[in-house]
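This report walks through one protein chain, from overall fold to single residues. Please keep the sequence and the model in view while reading.

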Amino acid sequence: MNKLSFLVVGKNDEIIQVLKRVIQSNFNSKAITANDMDEFYKTVLSTQVNVVLLSCGLEIKEEQEIKRFINSYNPNIKVIEHYGGGSGLLKSEVLIQFPNL
């Protein structure tokens, strides 16, 4: 499988920067971040993304909006909810969606 491209979306910049580093080191993949919905839309529409990783701080309606948009825009993009638990949990969550990684 080719290298994945992650978009990490969340409101806590420190946490999404940690997730970005974990993704880049554990999956040898590209990771970019978005702190709000405008940035999310701009990134998805202008960059090839394989995974949208939902992090902490998003409101439920924002999470639902992201999932609805991705499902209609490109259902091949995987949306993974990740709210903590360490890099081992993140790795498991990703490998469930991409077992050949």
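Helices here are DSSP runs of H or I with at least four residues, strands are DSSP runs of E with at least two, and both are numbered from the N terminus. With that convention, the chain reads β-α-β-α-β-α-β-α along its sequence. That gives 4 helices and 4 strands. The model is predicted.

## Overall form

The radius of gyration is 12 Å, close to the 13 Å that the globule rule gives for 101 residues, so the chain is as compact as a globular protein of that length. Its C-alpha trace spans about 30 × 25 × 20 Å along the principal axes. Of the 101 residues, 39% count as buried.

How much of the contact set comes from residues 24 or more positions apart? Among contacts with a separation of 6 or more, such pairs account for 70%.

The accessible surface of the chain comes to about 5,700 Å². Carbon and sulfur atoms hold 46% of that area.

In soluble globular proteins, nonpolar side chains tend to be buried together. In this model, the largest nonpolar core has 15 residues. Phe-6, Ile-23, Leu-53, Leu-90 and Val-94 have the most contacts inside that core. Which elements give two or more residues to this core? They are β1 (5-9), α1 (13-26), β3 (51-54) and α4 (87-97). Helix α1 gives the most, with 4 residues.

Beyond residues up to four places away in sequence, Leu-53 touches Leu-7, Val-8, Val-9, Leu-19, Ile-23, Ile-80, His-82 and Leu-90. Two of these partners, Ile-23 and Leu-90, are also listed among the residues with the most contacts inside the core.

A second, separate core has 14 residues. Phe-40, Leu-54, Leu-58 and Ile-66 are among them.

## Selected residues

Is Val-44 buried or exposed? Val-44 has 2% relative accessibility, and the cut-off for buried is under 20%, so Val-44 counts as buried. The residue lies in helix α2 (residues 37-46). Leaving out residues up to four places away in sequence, Val-44 touches Leu-7, Phe-69, Ile-70 and Tyr-73. Leu-7 is also a contact of Leu-53.

Glu-65 lies in helix α3. Its relative accessible area is 29%, so Glu-65 is partly exposed.

Ser-87 has its place in helix α4. With a relative accessible area of 39%, Ser-87 is partly exposed. Apart from neighbours within four places in sequence, Ser-87 is in contact with Val-22 and Asn-26.

Two further residues sit in loops. Gly-57 is in the loop between β3 and α3 (60-73). Setting aside neighbours within four places in sequence, Gly-57 is in contact with Lys-11 and Glu-62. Asn-28 is in the loop between α1 and β2 (30-34). At 53% relative accessibility, Asn-28 counts as exposed, because the cut-off for exposed is over 50%.

Most residues other than glycine have a negative phi.

## Sequence separation and distance in space

| Pair | Separation in sequence | C-alpha distance |
|---|---|---|
| Glu-65 and Met-37 | 28 residues | 9.1 Å |
| Val-44 and Ile-77 | 33 residues | 9.9 Å |
| Gly-57 and Ile-96 | 39 residues | 24 Å |
| Ser-87 and Gln-48 | 39 residues | 24 Å |

Note on methods. Residues are numbered from 1 along each chain as its sequence is written. This is a predicted model: local features need pLDDT of at least 70, side-chain atom pairs count only at pLDDT 80 or more; totals for chains, interfaces and linings use all residues. Side-chain values use heavy atoms; hydrogens and water are left out. A nonpolar core is a set of buried Ala, Val, Leu, Ile, Met, Phe, Trp, Tyr and Cys residues joined through side-chain atoms within 4.5 Å. Buried means under 20% relative accessible area, exposed over 50%, partly exposed in between (1.4 Å probe, protein chains only). Contact means heavy atoms within 4.5 Å. The radius of gyration is taken over C-alpha atoms; the globule rule is 2.2 Å times the number of residues to the power 0.38. Accessible areas come from the Shrake-Rupley method with a 1.4 Å probe; for residues, only the protein chains shown count as cover.
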